[in-house]
Each structure stands twice: as structure tokens, then as C-alpha cells.
Amino acid sequence: MNNENLYNYILSIADNSLILAQRLGELCGHGPTLETDIAGTNISLDLIGQTRSYYQYAAKIQGEGKTEDDIAFLRLERDYKNVLLVEQPNTHFGYVMGRQYLFDVFHLMLMNELLKSKDDTLAAIAKKGIKEVSYHKRFSGDWVKRLGDGTEESNQKMQEAIDDLWTYTDELFDLTEADKAMIAEGVGVDTSKFKEQYYTEVSDLLKEANLEVPERKYFTRGGKKGTHSEYMGYILSDLQYMQRTYPNMEW
Amino acid sequence: MNNENLYNYILSIADNSLILAQRLGELCGHGPTLETDIAGTNISLDLIGQTRSYYQYAAKIQGEGKTEDDIAFLRLERDYKNVLLVEQPNTHFGYVMGRQYLFDVFHLMLMNELLKSKDDTLAAIAKKGIKEVSYHKRFSGDWVKRLGDGTEESNQKMQEAIDDLWTYTDELFDLTEADKAMIAEGVGVDTSKFKEQYYTEVSDLLKEANLEVPERKYFTRGGKKGTHSEYMGYILSDLQYMQRTYPNMEW
Amino acid sequence: RSLEEIFEARIARDEKIEPKDWMPEKYRKTHIRQMSQHAHSEIIGMLPEGNWITRAPSLRRKAALLAKVQDEAGHGLYLYSACETLGISRDELYEQLHSGKAKYSSIFNYPTVTWADMGAIGWLVDGAAIINQVPLCNTSFGPYARAMVRVCKEESFHQRQGYEIMLKLCNGTPEQKEMAQDALNRWWWPSLMMLGPTDDKSVHTEQSMKWKLKRKTNDELRQQFIDQTVPQADILGLTIPDPDLKRNEETGHYDFGEIDWEEFWQVVKGHGPCNKKRMKARVDAWENGAWVRDAAMAYAEKQEKKNLKKAI
Amino acid sequence: RSLEEIFEARIARDEKIEPKDWMPEKYRKTHIRQMSQHAHSEIIGMLPEGNWITRAPSLRRKAALLAKVQDEAGHGLYLYSACETLGISRDELYEQLHSGKAKYSSIFNYPTVTWADMGAIGWLVDGAAIINQVPLCNTSFGPYARAMVRVCKEESFHQRQGYEIMLKLCNGTPEQKEMAQDALNRWWWPSLMMLGPTDDKSVHTEQSMKWKLKRKTNDELRQQFIDQTVPQADILGLTIPDPDLKRNEETGHYDFGEIDWEEFWQVVKGHGPCNKKRMKARVDAWENGAWVRDAAMAYAEKQEKKNLKKAI
């Protein structure tokens, strides 16, 4: 491995996009309106596109002749580095939009900082991604507002989703060894710098959406270190099904 | 292969038990009462036990040094021979009991005939299985009656399940080439002989349960020939997950 | 001349009929029926392909499949909009779909069993759809014709993509080639049925011809599909599952075997392998989404009031 | 002598207290609390293991796991029945669980992440449970003591089975051994926490000792568990994730590192990784099953009426 920290750093960003895209992909044709189906598919597609760029780069860094698909499909569960937030289930549309929004705000801040990375490839991926992620955030934020400030039922459902998902937000800002090493090199993003800004922005929108900002002392974490929720195994058994069942083939 | 028809014949019986056991296994801890959880697990366990006996025998017939687990976990979807009925989802408890009952009545009739098979191993498996399957049928039949003749809501739900599942009953009696060859040899069971008896018995219980017997001209089939429903892929991606992800290991 | 005669003359001159133009009630109804059926088919058609999104075998294929399903939703959207210009709401159209009153293409009542089905659907199902649809780019009703131009362009991209999936499988391992052959075996006959009942059984043909909703008969379209597809199968090295299929040197066309019309009618009448599943998925999506649509409506009203207050 | 003195004397003489015997209200309440907590733990404990039934790596393991989860449901059943002898219904006990009033063993709020967790749970979690429970086979309340005899026998079978899963992994490929080590790393500290807070923080100890609901203190039990488990880990060739773990030649026991009690209290208070998920699974099962239980009740009443009519 040429640069293990960089490799791990890339994966920790890319795996979020992959798993969130996978969750969105489950919804195709099952959403509340045709328009949300289109938007959901579109976001999923953007995320897969970003994932591919990251994994292609990671494969190059790794230098073992692997492909984006080897990295996407052929790791063990413990080797996926995504945060717990993105693997949470599509319980109802409030969860889908809540999960998306809580991730998008972070994601956009991350992209904005990654733009300044000393690593040109990462900066270039970020540059391309910013436009997409801005759109994602606008879409999910608008829906959080609609649902929060819609009917009594939708307000309750949206609040329920935010209350449940809130516990996964703190992990977004955890710094692994790879993160720290990459920050030190000017390649990685020091997410702690915008943690306060994140909670301010999210809280402002929640208030605007007539929702209560959860007060929570304890947070749930583990994904970044590869200890995932029990949902992850099922996500992977579908994701990896073809590559595991038909090894070493091209598609 | 020493006897391909026998091999396929065994699989077509065993795969039913495997997939039904797998469906029941999903429910563990999620049933309406502790007692039904215990019974469901118990039925699943019986079916897995039967499956193992069949696959061990099939592996011997195949004569390629494979194990029961190779046969259970490492075939492609198109090579599983179970009927569509057993792969139907656990939509609600009415579906679980309806599916079980519609299968159990057939299963017990099959076992009773298999007892007379010229193949001693199959006859022995049947002998052991009859007691278990009789209990399954009593359990599922009792629940169909309780739900059918319980409350208005439960009657509706049970009727809905029966209406949906009925379309998969005719396939139980389809005869494949392997079936026909085995019948000719006195090894296999000619299920067409008890088809009428099956529908009589099931219809009688449904009437007793205050349920309408569906009138249906068209039936859905395909599983016995390996064309499964869209549920099957997901069943298999979980079932096969470990064996596919960690090939050639012992557990 | 009567309004009707003027109208027919315009169509005969290849003028486009626009929503605000006068039109016979039967024209309006026929168009609502056909366009909504087409829209419903796009929406239901998302389900069998959506079934493989989480399991696509590579990231590239996953992205392409997502894009394709997204296109289908987009097609649904144009077509519903085109329908709405004829004075029916999207909710009414959904209601017709969910109640079983409106039909959708029967082909989507077959299950997608393996990854190769993503190839076969693109190659065969989209292929047959294009043959049905290309003539509609010149149909008489303007919004439909314009929608079809865009739809056909994208469908033809999908068709090439599907064929490319098949090509990759056929150039792959024996398992992959077998998967491709198996998919062709399962999708061939239903694809032929997509072109509709034989001419002697087809009820709408004459009127539809006049309105340019149809330019060729079902049997002609079917022959065109077969003539176009057989050489493509040859390139793939796959065998079409029809022992009677043979090039007729005299006509220059392929002769083919008997279609199982009993199966066709069974599926049309709601007894295909997935009719119930597809309908349940749509009805569940609609019912489970009611609170979301209600919320969006309530929110929009609140915003409007706020803006109104500001304006005053 | 007061009833209370007679009662305490019976217990001191190792006589069993039976449901119909007089008992102090506090005795009754404490037993309901402890037995129901135990019952709830069995029921909630089905969930993390149930999570691997569909994915067990061999048929033999699938069968064993099914049997184990079935046993746990069975334990739940005896323990609820034992509770009911004290005049509380199963529905009330469920209500306490679902509302969060009653607790269950915190260990089940950790996720089962790999197959090796099935081994680790059997080996460590059931191991710790047995150490907690064996003394209860001689506890003063008859129905509890008798239930525990059966429970302990089965638990000890489960524990051996769990250890055997670990052994197989540790004698397997490097991936398998790594999976085993990883499971030990994750389950070790939560297992130590299962033996309860340190003696100085434990509130019920003194009274429980008198009633033989407890025979040893938490710290003694924990030491026993560690002393028993370390050599088993050695046989497996696994490293216990505690750098401070060391045999103390003087005491003959293993010294061990600081337990993260903050984590313990966090999970107890409902903020463990799976608390919400476990509770939701139970509440959903209960609520979704209401119509089934209602139907069974209605059916039973109808049958009773019929039988009554026949009898008359």
C-alpha cells in the first residue's frame, strides 16, 4: 500500500455515499410521488457517481491492481467505514428525508473544505460534487420543512424521525487515525472545525420547520470504526450478492 | 452423477423444507405470542432437520464428495426446485399460518405416500417426518380456524391470505421429468393421486373456519422448474451470505 | 362542413391537434386511455427493474440502472402531463390504475429473476416498445407526439444499453452466457405478445389508424420486431426459443411459431405471475405516501398565506 | 413471633417458600421485579441471536441456533409463569417491559455484527448468566428455584455450544480466527458488566443475600467469571482485550483493568447501540399481534359456548 492513511481516508468518505445510495435505491418506485421518486433516484445516482470517483482513486493509491468494484463489493462488513447514520432504514419518508438532510448538511460542509485539499484528485471530486450535494441539501431540507410544518401527523412523524436519527449525528465528526494523519498533511478535512456550524444550521432549519431540536447527551457511534448496526449485514448481502455468487467476472 | 433423476427428485422435496424453514426463521421473536414464537421456531427446526437428511442423501447420490451445506448454500437461484408457495413472504400472521397450512396438508400426504417408496432412505426420512408434519398441520390448521372464525378483522385477514396464496397450490401437484421417472421406478410419489383429496381436505377446513374457498381458474407456477418469484433472490442472498463471503471454510 | 369533418381533414393534412382545439369526445377518451396506459406502463415498469438496483453487479451498471429507472419515471411524468391537457387529473389517472380500471403493459407482470433480465428487458422489451412507439412521434395529438419524440430517444438508448448487457454476458463465462440464454428464453414470447393480439383480434385498429395512433397493424409490427431481433440474437450467439423460427427466403421475413395467446389473456386479465405484487406495490406506495402529499399541500397553503400577508 | 419472623426463619432453614405461603410484600415485589427482568432478558435476548438465523453458515449451525432461540423463548415462558404465581399477569409484565418500566439485561443492547458473535454470546454472555444463575437454583422462592434448575441446565449446554463455535473459528482460517478475536474484543467488557455494578454501587445486595436471591456479591461473581474464562480464551488462542489482565500469584485470581462504568450506565439508561431497536421490535411484535390474540380469544369463547350448548 502506497499510503494506507489516504486509502482509508478516501474510503471513509466514499462508503457513506455508497451505503446511502444503496438505501435510496431500495425506494425506487415506492415513494409518495413520482417527483420524489425521480429526485431520490437522482440523488442515489449522484452518490454512486461520487463513489466511483473515490474508489477509482483509492484503487490507484492501493496499487494492487484492484478495481472500483473490488472495493465496493468485496470487503467484509468490518472493513466498511461509513457512519451509522447512512445505514439507517427507510422506516418512512420522514426518516428518508431526515437521514438525507442530516447527512447533506455535513456532506456539503465537508465538500466545501475538501475543495482546499492539497490532494488534487480529492479537490477535483469535491468540486464536481458540490453542485450535486447543494441540490441534495436543498431538496431534503425543503422536505423536512414541508413535513415538519405540514400537518399535525407529518409534524409528529418528522419529529419522530429526527429524534431517532439525532443520535447518529455526533459520529459524523469523529476523527479516526487516518483522518488525523490526513488533516496533518493538509489533505483531509478537520470536521471538528465546522461541528458547531453544523448543529447551528441544522437546528435553525428544524426550528423553522416547527420541529424540536433534540437534546441528547449520549450519541451512538461505531460505523467509522467498522462496528455497524445490525442493518448493515443485510444491506451488504444484497449489495454483494452478484459479485460473491459469480466471482471474478465482468459485467 | 449416479442417478440424476433421483437427485433432482430429492432436491425438489428438500428445497421446500429449506425455504419454508428460512421464512419461518425470519420471524423469531417477532410473533404475536411467545407460544407461537416457540411453535414457529420448532417447525422451522423440524424442517431444517428433514432438509439435512435429504441433502445428505442427495450428496451421496450425486457422488461428487459434496456436503449437505454445498447443496443447501451453493446453488444458483435457478437450481432451487421449491414451489412458489413456500417462498411467499410473512406479510402478516394470517399469511404465515395460511402458507403453512396449505403446505402442511400436502406435505403430510406426500410423507404418507413416501413411506411406501422403494427407496429405503426416503421411506425412512418420511417415517421420521410424519410425526413432525402431523404436528405442523395440527398447529397451522388450528390457527387458520382461530383466525377464520375469530373476529371480523381476523376473518378478513385470513381470507385475504388464503385468496392470495391459493394461486400457488396447484403447483404442488406439478410433475417434473424427475418426478415422473421416480414414480415409474416406484421411488417417487404420484401426487396427482391425492390432489382431489388435498382440495377436499383444505376446503373442508376453510369452510369450518368460516372462510370462503377461492374459485380460481388460473394458477401461478414456476418454482419447481426453477423460475422463482422476485422474493427468492433476497431469501438466497441472506441464506447464502456466509458461504459465499467466506468460501471453503468449516463452521 | 361539420366540426368533425374539419377535424378529420386537419389530421389527414398531418396538422397537429392541440389541447385547446376542438376534438371529438371519442378522440379525447381514446387518447386519455392510450396515453395513461402508456404512462402507467412506465411507472409499473420501474418495479421489475427497481428490483435489481440494490443487487446490480457493478457500480457502473448500478448507475446505469438507476438512470434508466429515473428516465422511466420521467416518461411517466410527461405522459401524465400530456394526459392532463385533456382535462383529467393525475390523481384520477392513478385512481384508474389502482382500481384496476386502467391497464398497463402486461410484460411487467413477469418477474425479474436474474441480472440478465436487466439486459433482456432493455434489448427485447424496450425494443418492442420502440417499434410500437416510433410511429407515435408523428401521431396527430401534439402533446403526445412531442412526448414520444423524447421518450423514443431515451428508449433507444436504453435498448442499446440492454443489448450491451447481453453482449457482455455472452462474451463472459459459461455461467454468464447461460444466464443470458435463460433470460432470452423467458422474455422472448412475452415480448412478442407486447405487440398486441393478432390483427383479427385487435379491436381498435381502424379508428386508431385514422388518428395516426397506429400506422401499422400488430402483426406487421411483430414481424418487424422479429426481423430486427433475430440477427441481433445471432450476434450474441443465443438461440431464440422457437423451433419454428426460420427465414422465409420468399418473403424475406422470419416465419415463427404459434404464440400462446391463452397465456397472454391470462396475464392481461390479472393472473400473471406478478400482477398482484405490482399492483400492491403501487397501491402501498400511494397509500403510505398520503400523509406526505397532505403535508406538502398543507405547507404550500401556509406559505401562500404568508406570502399574501407580506404582499398586503 | 411475627409472620415475618416465621417467614425469615423458614428461609434460614432453607425451606422453600411457595406461592400460597404468606410472604412480605417486599419479598413478593422483589421477586416479581427480578424474575420478570430475567424473563424479559430471555425474550429480548432472542433478538440479537435471531438476527443470524437466516444467515447461519451451515445447516447444523442454523438448527442449533433455532433450538437455542427456542429454548430462550421457553425460559421466558417458565419465568413468566413463575411470576404469575405471585399474582401478576403476563400482560401486565409485558406492559412494564414495553413502557420501559421494567429492565432487561443490558448486554442485549449490543448489535450482533458477525457470525462469531453467536459464539461469543454463547461462551461469554451465557457463561456470565450461568454464574449469576446457578446460585438461584437454591433460592428461597420455590417456583423460581425450580425454573432455574431447568434454565441452568440448558444454559450450560448453550455455553458449551457457543464455545464450540469459537473453537471451530479459532481452528479455522485466519479470517475466521480474526472474526473470533473481533467478537471477543467487542463482547468482553459488556460481559463483565453483566455481573452488575461494583459492590459499593449495588443497592439490593444485603436484602437479596438474606432471601438467597444472591449468594455472592457482584465483584465476587465477576472475579469467578474472569478466572473461569481466561484459561478458556488461552485454549482458543485468543487475546482478552485488557492489557491489565494478569494472574496474581498471591491471590490465585486474575487482576483486571478498569471497567468503563460510564458506558454501563449509558446503556442501562437506554442509550446503548440497540436499545431503541430492541424495544421497537418487541412493541411492534406485540401491537401487530393484537388482532391475532383477539381472534384466539374470540374463537375460544365461541368454542366454549358451543361446548356448553352440547353439554346442556
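How many residue pairs are in polar contact across the interface of chain A and chain B? In this predicted model, the rule finds two such pairs across the interface of chain A and chain B, both at pLDDT 80 or more, while the count of salt bridges between these two chains is zero. The side of chain A that touches chain B draws on helix H10 (231–239) and helix H11 (241–245) of chain A, each of which supplies at least two residues. The greatest contribution to this side comes from H10(A), with four residues. Sorted by class, the side of chain A that touches chain B comprises four nonpolar, four polar and three charged residues.

The size of an interface is often given as the accessible area lost when the parts come together. For chain A and chain B the buried area is about 960 Å², and carbon and sulfur atoms give 56% of this area. Within the share that chain A buries against chain B, A:Ser237, A:Tyr241 and A:Arg244 supply 44%, more than any other three residues. In terms of contacts, eleven residues of chain A meet eleven residues of chain B.

Helix H10 of chain A was also examined for burial. Seven of the nine residues of H10(A) are buried, so this helix is largely enclosed by the rest of the structure. The buried residues of H10(A) are A:Met232, A:Gly233, A:Ile235, A:Leu236, A:Ser237, A:Asp238 and A:Leu239.

Contacts between other chains are illustrated by individual residues. A:His30 is placed in the loop between helix H1 (4–25) and helix H2 (34–62) of chain A, and with a relative accessible area of 38% this residue is partly exposed. Residues up to four places away in sequence not being counted, A:His30 touches A:Asp37 within its own chain and C:Leu47, C:Ala281 and C:Ala285 in chain C. The C-alpha atom of A:His30 is separated by 27 Å from that of A:Gly129, the two residues being 99 residues apart along the chain.

D:Gln266, in helix H10 (residues 261–271) of chain D, has a relative accessible area of 16% and is therefore buried, the limit being under 20%. When neighbours within four places in sequence are left aside, D:Gln266 is in contact with A:Tyr218 and A:Phe219 of chain A, as well as with D:His271 and D:Gly272 of chain D.

B:Arg216 is found in the loop between helix H9 (195–208) and helix H10 (231–239) of chain B, where it is partly exposed at a relative accessible area of 25%. Its contacts, apart from neighbours within four places in sequence, are with B:Trp166 and B:Thr167 in chain B and with C:His271 and C:Lys276 in chain C. The contact with B:Thr167 includes a polar contact between the two side chains, at 3.3 Å, and the side chain of B:Arg216 also reaches the backbone oxygen of B:Tyr218 at 2.9 Å. Along the chain, B:Arg216 and B:Gly226 are ten residues apart, and their C-alpha atoms are separated by 24 Å.

Over all chains, the structure holds zero disulfides. In chain D, the cysteine sulfur closest to that of D:Cys137 belongs to D:Cys152 at 3.8 Å, which is too far for a bond because a disulfide requires the sulfur atoms to lie within 2.5 Å. D:Cys137 counts as buried at 19% relative accessibility, and C:Cys170 is likewise buried, with a relative accessible area of 8%.

Backbone geometry was considered last. Most residues other than glycine have a negative phi, and most peptide bonds are trans. A:Asn210 has a positive phi, near 65°; this residue lies in the loop between helix H9 (195–208) and H10 of chain A and counts as partly exposed at 47% relative accessibility. B:Asn248 also has a positive phi, near 60°, and is placed in the segment after helix H11 (241–245) of chain B. At 78% relative accessibility B:Asn248 counts as exposed, because this value is over 50%.

Technical notes:
Residues numbered from 1 in each chain as written. Chains lettered and ligands numbered in written order. Predicted model: local features only at pLDDT ≥ 70, side-chain atom pairs only at ≥ 80, totals over all residues. Heavy atoms only, no water. Buried < 20%, exposed > 50% of the residue type's maximum accessible area, 1.4 Å probe, protein only. Contact = heavy atoms within 4.5 Å. Buried area = accessible area lost by both parts, 1.4 Å probe. Salt bridge = Lys/Arg side-chain N within 4 Å of Asp/Glu carboxyl O. Polar contact = N/O pair within 3.5 Å; in protein donor to acceptor, adjacent residues only side chain to side chain. Nonpolar A, V, L, I, M, F, W, Y, C, P; charged D, E, K, R; others polar.
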